[in-house]
Amino acid sequence: MRHLLYALPLLVAAPAHADELHDAVAADMPELMELYRHLHANPELSFQEDDTAAHLAAIAEELGFDVTTGVGGHGVVAVMENGPGPVLLMRADMDGLPVEEQTGLPFASTVVATTDEGIESHVMHACGHDTHMAAWVGAARQLVARRDQWSGTLVAILQPAEERGAGARMMLEDGLYDRFPRPDYAITFHDSASAPAGSIGVVPGFAMANVDSVDIHVRGVGGHGAYPHTTRDPIVLGSRIVGALQTLVSREVDPQQPAVVTVGSFRAGSKHNIISDEAQLLLTVRSYTDEVREQLLSGIERIARAEGMVAGLPEELWPEVTRRNEYTPAVYNTPELSGELMQLWRGRFGEDRVLEGEPVMGGEDFSRYYRADRENIQSVLFWVGGVPLDRWEAAQRGEIELPSLHSAYWAPDAEAVISTGTEALVAAALDILAPEQAAD
């Protein structure tokens, strides 16, 4: 997950007005912070969220939810039916990252685990999923305590493998919308490493990008570096491909349609005087619309084949392009719900704490819950600022650089993120599941 970039003034963490919900969330914060510290100190990698899922599933069961575990791997689905009305899906993600923590927190992670690739690595909640889970529990507690204020069905899910872009797909393929109530609304939030703690950002429409990974296997005819005329150099061919790929965005995609084609890795050869017979390019490809996504992907294939032909290679040696099977679809915040929630939160938190943000080229597989039934679901992913206010102010003065999400140094103001996220989720749920909505 990449973070949201949007400009906000220095803010205070207090709400626009105190009320019973705000006070109730504040009263819960000591327990939620204890839970957060436990989750932070005990992160688990994608596809390995056994203990995290079990711990949170037990909490949901104690709250009275009908809980099912093992959905799409380690996914948890907690359902509470509370009379007639809409179905609301509320998601939190659970997985950590293979990062060695450098925050200096007294409860910093010292966990070491083995990745799916067999690499031993330190593990850290460097993307803030621990704050998401704590707020998920906080919101669930408040909604259980307020069952007389809403009518409908709450489907609170804990998703595995968000960092690998696979968890939402796995849960959907395991029958999330068939075995459990199908949602009319879906909401979640993500902490932001580029906005002051306690702020809220909403991006109507496309908020995050399609994310594709593409491999290009460049083949050639190797030989001695002193006699290049006897070879077909895959490094030269690969370099031509890298250069030609830049024209996809600059000359083929409509300038008003955002697009990114980045070659993140170019590997070839092993010695000064040997021309290799192959090279490998690894690309990340970003877009918003399905049409631009396909334009970019098909363009990459076309350019790679054409450059192979220009290099004089026989067709069987033309570069081979492979689209990775796992891609992350673009996050689309439905405008109607985005506008309704922005107005709701501005009334609760104040105009200057809730701003319309800008879309980014990062990815988030929360998008799949909407795309699975986009004719019938309204969906919003919102942002909650996590930068401690003293550090935010120092960064605005140019005195420090802020760490990004996925950084070993990212330590959000967890109390501000969790309290704001909890209150915003509960307020949204009470609005969506208001009894008059059931009557309609």
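Is the crossing of α1 and α11 right-handed or left-handed? It's right-handed, where right-handed means the near helix is turned clockwise from the far one by less than a right angle, and left-handed means anticlockwise. Before you go on: this is a predicted model, where local features need pLDDT of at least 70, side-chain atom pairs count only at pLDDT 80 or more, and totals for chains, interfaces and linings use all residues. Residues are numbered from 1 along each chain as its sequence is written, and side-chain values use heavy atoms, with hydrogens and water left out.

**Stop one: α1 and α11**

Select residues 20-41 for α1 and 414-432 for α11. (Helices are DSSP runs of H or I, at least four residues, and strands are runs of E, at least two, numbered from the N terminus.) The two helices pack at about 130°, axes 9 Å apart; axes are lines fitted to C-alpha atoms over the stretch in contact, and angles run from 0 to 180 degrees between N-to-C directions. That makes the pair oblique: under 35 degrees counts as roughly parallel, over 145 as roughly antiparallel, 65 to 115 as roughly perpendicular, and the rest as oblique. Now show the contact (heavy atoms within 4.5 Å): among its residues are Met 29 and Tyr 36 of α1 and Ile 418 and Val 426 of α11. It divides into 10 nonpolar, 3 polar and 2 charged residues. Here Ala, Val, Leu, Ile, Met, Phe, Trp, Tyr, Cys and Pro count as nonpolar, Asp, Glu, Lys and Arg as charged, and the others, Gly among them, as polar.

**Stop three: α1 and α2**

Back to α1, this time with α2, residues 50-62. At about 160°, the two are therefore roughly antiparallel. Leu 35, His 38 and Leu 39 meet Thr 52, His 55, Leu 56 and Ile 59 here.

**Last stop: the largest pocket**

Select Glu 163, Val 211, Ser 213, Arg 286 and Thr 328, which lie nearest the pocket's centre among its 25 lining residues. β10 (210-219) and β14 (278-287) each give two or more residues to the lining, and β10 has the largest share, 5 residues. Colour by type and you'll find 7 nonpolar, 7 polar and 11 charged. (On a 1 Å grid over the protein atoms alone, a pocket is an open set of points where a 1.4 Å probe fits, with protein on both sides within 12 Å along at least five of seven lines; lining residues have an atom within 4 Å of a point.)
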